[in-house]
Amino acid sequence: MNENQEPVVETEDLWKLFKLGDEVVKALKGVSLSVHPGELVVIMGPSGSGKSTMLHLMGGLERPTKGEIYLEGQPLSGLTESQLSTMRHQAVGFIFQSYNLIPLLTATENVELPLVFDDVDSAEVRKDSTELLERVGLGHRLDHTPSRMSGGEQQRVAIARALIGRPRLLLADEPTANLDHKNGEAIVELLTTLNHEMGMTTVISTHDRSVAEHASRVIEMRDGKVISDSGSGQGSATDNLATA
Amino acid sequence: MIRPLKYSLRMISRARGSALLRSGAVAVAAALTFFVLAQSSTVRAQATDLAVGGIGVDTIERATLSLTVIAVIVGALQVGVLMTRVVLQRMQEIGVLKAAGISSRDIFLVFLFESLIYGFVGGVIGCLVGLLIALFGPMPGGDEILRAFLITVALSTIVATLAGLAPARRAVRAPAVEAINHAW
């Protein structure tokens, strides 16, 4: 049933080449895939397999050397830098391996960062950010700066920050790589819960096989290519979406 | 305009110690400017009265002008260097802002406003320091002090803002992915 819905993101023969000195590195060699609404996709692969590049391209953070990306049906190649930026602002939430919180800002302020320059009611944003932090289990850490939080807690703040703009696509690039197993597990469980409860379309990249156990769909990458794809439309998350 | 300005003010107020040091760097140049400007008329008056060693009024004027120019150049270089460092230090933040789809204009303004604020605050501090120094010499009149104060603060703010243009542009031009992974 999922196949009938327009994909949140679709890629068509994506190539990405990088120049490293005199060498040309082929990070992606013709990747085509689509992610449908409500899916929780895990992209598995060792470092250098191209999974991070894939996430950057899907979220419009980088442009491909060749190929096309459709974000909610919109081809990204036709957009100017500022249109692409607006697209990210409205549709995409990013989570990074190293959390990337602003050290001088409190948890609440970090969560509100994506909306700080928008013409929005700050009291409403404050209410929303507080709710999100409570939701990720940090209701008691609202005024703490990152240096007073553990890695797991910092990543929870980063998740709340990615959600504040109500994105349609959540992209998590190696969100557990800097965490021990227990904290990593908790982060993946949180992302899974958010996917189930909010129907948030989520793509997680990882080299950790245990992360894949939570996914409705696992895509394996090696050397810039997809080597296996468990396929869409079978996960519990998508069933949930259908009944929602 | 108002939201980037509020963000700049928040980041500066949180940086506390280092923000004060940065203002201090600007204040040194501003103090020199203020002192020269405030004293110039006093010195000129004395020189005319005494006709010391045949020093002409325009010699003094020229000396005043060159000292001011030197102070302005020193101040501009200070701001350019320190804002470049601020931008590099905050590459990850810039990356996050870009990933979140914050417009280039807003990112540019955030850093430009910081330069402007350091110029303004440094200018005011510089004038106070310059006034302290002036206490040891012949005291200039109230009019001279006010005039020197206004010129110094205006000059310091304008020069700092201009010197902040290049670092702010650097912040905007940083590729998002590199900025996010930037290790300092």
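In which kind of crossing, left-handed or right-handed, does α4(B) pass α5(B)?

Analyst: The model is a predicted one, and in it α4(B) passes α5(B) in a right-handed crossing. The axes of α4(B) and helix α5 of chain B, which covers residues 142-163, lie 7 Å apart, and the two helices pack at an angle of about 150°. Because an angle over 145 degrees counts as roughly antiparallel, α4(B) is roughly antiparallel to α5(B).

On the α4(B) side, the residues that make this contact are B:Leu112, B:Ser115, B:Leu116, B:Tyr118, B:Gly119, B:Phe120, B:Gly122, B:Gly123, B:Val124, B:Gly126, B:Cys127 and B:Leu131. Facing them from α5(B) are B:Ile145, B:Phe149, B:Thr152, B:Val153, B:Ser156, B:Thr157, B:Val159, B:Ala160, B:Thr161 and B:Ala163. Sorted by class, the residues of this contact are 13 nonpolar and nine polar, with no charged residue among them. Since Gly is counted as polar, glycines such as B:Gly119, B:Gly122, B:Gly123 and B:Gly126, which α4(B) brings to the contact, belong to the polar class.

Helix α4, residues 104-134 of chain B, also meets helix α6, residues 165-173 of that chain, where the two axes come within 8 Å and cross at roughly 145°. Here too α4(B) passes its partner, α6(B), in a right-handed crossing. The contact takes B:Ser104, B:Ile107, B:Phe108, B:Phe111 and B:Leu112 from α4(B), and B:Leu165, B:Pro167, B:Ala168, B:Arg169, B:Ala171 and B:Val172 from α6(B). Its residues divide into nine nonpolar, one polar and one charged.

Along its principal axes, the C-alpha atoms of chain B fill a box of roughly 70 × 25 × 25 Å, and buried residues make up 45% of its 184 residues. Of the contacts in chain B between residues at least 6 apart in sequence, 93% join residues that are at least 24 apart.

Helix α4(B) has a part in the meeting of the chains as well. In chain B, 20 residues are in contact with 17 residues of chain A, and the elements of chain B that give two or more residues to that side are α1 (2-50), α3 (91-99), α4 and α7 (176-180). It is α1(B) that gives the most, with six residues. By class, this side of chain B holds 11 nonpolar, five polar and four charged residues.

A:Glu72, in the loop between β4 (66-71) and β5 (74-75) of chain A, has a phi near 50°, a positive value in a residue other than glycine. A:Asp223, in the loop between β9 (217-222) and β10 (225-229) of chain A, likewise has a positive phi, near 45°. A:Glu72 is partly exposed, because 15 other C-beta atoms lie within 10 Å, and A:Asp223 is partly exposed as well, with 14 other C-beta atoms within 10 Å.

Methods. Residues are numbered from 1 along each chain as its sequence is written. Chains are lettered from A and ligands numbered from 1 in the order in which they are written. This is a predicted model: local features need pLDDT of at least 70, side-chain atom pairs count only at pLDDT 80 or more; totals for chains, interfaces and linings use all residues. Axes are lines fitted to C-alpha atoms, for helices over the stretch in contact, and angles run from 0 to 180 degrees between N-to-C directions. Helices (H or I, at least four residues) and strands (E, at least two) are DSSP runs, numbered from the N terminus. A crossing is left-handed if the near helix is turned anticlockwise from the far one by less than a right angle, and right-handed if clockwise. Two residues are in contact if their C-beta atoms, placed from the backbone, lie within 7 Å. A residue is buried if 20 or more other C-beta atoms lie within 10 Å of its own, exposed if 12 or fewer, and partly exposed in between; C-beta atoms are placed from the backbone. Angles under 35 degrees count as roughly parallel, over 145 as roughly antiparallel, 65 to 115 as roughly perpendicular and the rest as oblique.
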